[in-house]
Amino acid sequence: MKVHILRCGEIRVSGTVLFGNAINAANSLRQLADPDGKRVTLPVFCFLIEHPHGLLLVDTGWCREISPAGVYDPAAVRRVLPGHLAAFFRPTLPSGEAIDEQLSARGIRPEDLDCVILTHLDPDHVAGLRQLRGAKRIVLPEDEYFWSCRTVYKLRQPQELWIGAPIERIYYRAAADAPNRWAIDLFGDGSAMLVNVPGHTDGQAAVLLRDQGRFVLLAADAAFSPRNWEEEITPGFGFDRGQQRKSLRWIAAKAAEPGCAAVLCSHDPALRPQTVEL
Ligand SMILES: [Zn+2]
C-alpha cells in the first residue's frame with residue numbers, strides 16, 4: 001500500500017486554530033479578526049492511496065474557482081465562501097495544486113478513483129469535490145451528513161459545495177478500536193477503517209489504513225500537529241473540547257503502537273508532500 005501526501009492549497013488562519021486549547025468566544029473572535037501578522041499559513045493535504053481494493057482519495061482540498069490565478073484573491077474567495085468563512089480561512093490554491101490538476105499530472109482521471117472518502121464537510125475538505133465528478137464512489141459517514149443540519153455546522157459547511165454530489169452515506173457501527181467505539185470497515189477486512197474521532201465535528205472520521213501488520217492513520221482535523229496529542233493541547237477550533245481530548249488520547253495511543261508507520265494530519269505545517277509505503 002502506498003499513501004501519497006498531496007498538498008492541495010493552503011489556509012492562513014489564526015494561531016488559535018492549532019493550539020487554542022479551548023473553544024470559546026475569545027478564540028472564535030480571533031479566528032475571524034486576527035490581522036495577517038497574527039496568522040499562520042497551514043497546508044491543506046489530501047491523500048491518494050494505492051490500496052489493495054483500488055485507488056482511494058481522502059478529501060479534496062480547495063477548488064480552482066477560489067484562487068483562479070493561483071494567488072490569494074479575496075473577491076474570488078467570497079464568490080465561493082460566505083464572508084465569515086472567507087475571513088476565517090483566507091485560502092490560496094497555487095497553480096497545479098488543485099486535486100484534479102494533481103491527479104491529471106499523474107495520469108489519473110476522476111473516473112479512475114475507486115472511492116473518494118470525505119472525512120467531514122468543512123469546505124477545505126470538500127470544495128474540490130466538484131472537480132471529481134465521475135469517481136466510482138464518494139463516501140461520507142452518515143453522522144457527519146446528519147449533523148450538518150445543526151446551526152453551528154450550517155455556518156461552517158456551505159451546502160452548495162457538496163449537497164448536489166452523489167454522496168453515499170455510510171454508517172458507523174460498534175468497533176473496539178475507536179475513541180467512542182464507532183467505526184466503519186469500508187471493505188470488510190480491516191484494511192480501511194473510518195474511525196469516528198469527534199470534537200472537531202460530531203461525525204468526523206479518521207482513516208486507518210492497514211497492510212501486513214503496519215498502519216498509517218490519517219487523523220483529519222482531530223489534530224493539526226503531533227504537538228496536539230503529545231502535549232494534549234486541544235485545537236482552538238472545533239465543537240466539543242471533551243470529545244477533542246478523547247480523540248487525541250486515542251490518536252496518542254495509536255501513535256505509540258509498534259505497527260504505526262505514520263500519523264498524518266490534514267494541516268500539519270511540518271508535513272511535506274511525500275509517499276509513505278506500508
Ligand atoms: Zn480542515
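These are my notebook entries on a predicted model of one protein chain.

**Ground rules.** I number residues from 1 along each chain as its sequence is written, and my side-chain values use heavy atoms, with hydrogens and water left out. Since the model is predicted, local features need pLDDT of at least 70 and side-chain atom pairs count only at pLDDT 80 or more, while totals for chains, interfaces and linings use all residues.

**Entry 1, the whole chain.** I found 10 helices and 13 strands (DSSP runs numbered from the N terminus: H or I of at least four residues for helices, E of at least two for strands). The radius of gyration is 17 Å, close to the 19 Å of the globule rule for 278 residues, so the chain is as compact as a globular protein of that length. That radius is taken over C-alpha atoms, and the rule is 2.2 Å times the number of residues to the power 0.38. I also noted that 57% of the 278 residues count as buried (under 20% relative accessible area; exposed is over 50%, partly exposed in between, with a 1.4 Å probe and protein chains only).

Which residues hold the protein donors? They are Asp124 (OD), His125 (NE2), Asp221 (OD) and His267 (NE2), lying 2.1 Å from the zinc ion. Donors here are N, O and S atoms within 2.8 Å of the metal (3.2 Å for Na, K and Ca); water is not among the atoms, so sites may look incomplete. Along the sequence I read the spacing as D-H-x95-D-x45-H. Asp221 and His267 link distant parts of the chain, 46 residues apart. Asp221 is in the loop between strand E11 (214-220) and helix H9 (226-230), and His267 is in the loop between strand E12 (260-265) and strand E13 (275-277). I checked burial too: Asp221 counts as buried at 3% relative accessibility, and His267 counts as buried at 1%.

Arg90 has a positive phi near 40° and sits in the loop between H4 and helix H5 (99-105). Its relative accessible area is 24%, so Arg90 is partly exposed. Ala220 has a positive phi near 55°, but its place is in strand E11. Is Ala220 buried or exposed? Ala220 is buried, with a relative accessible area of 2%.
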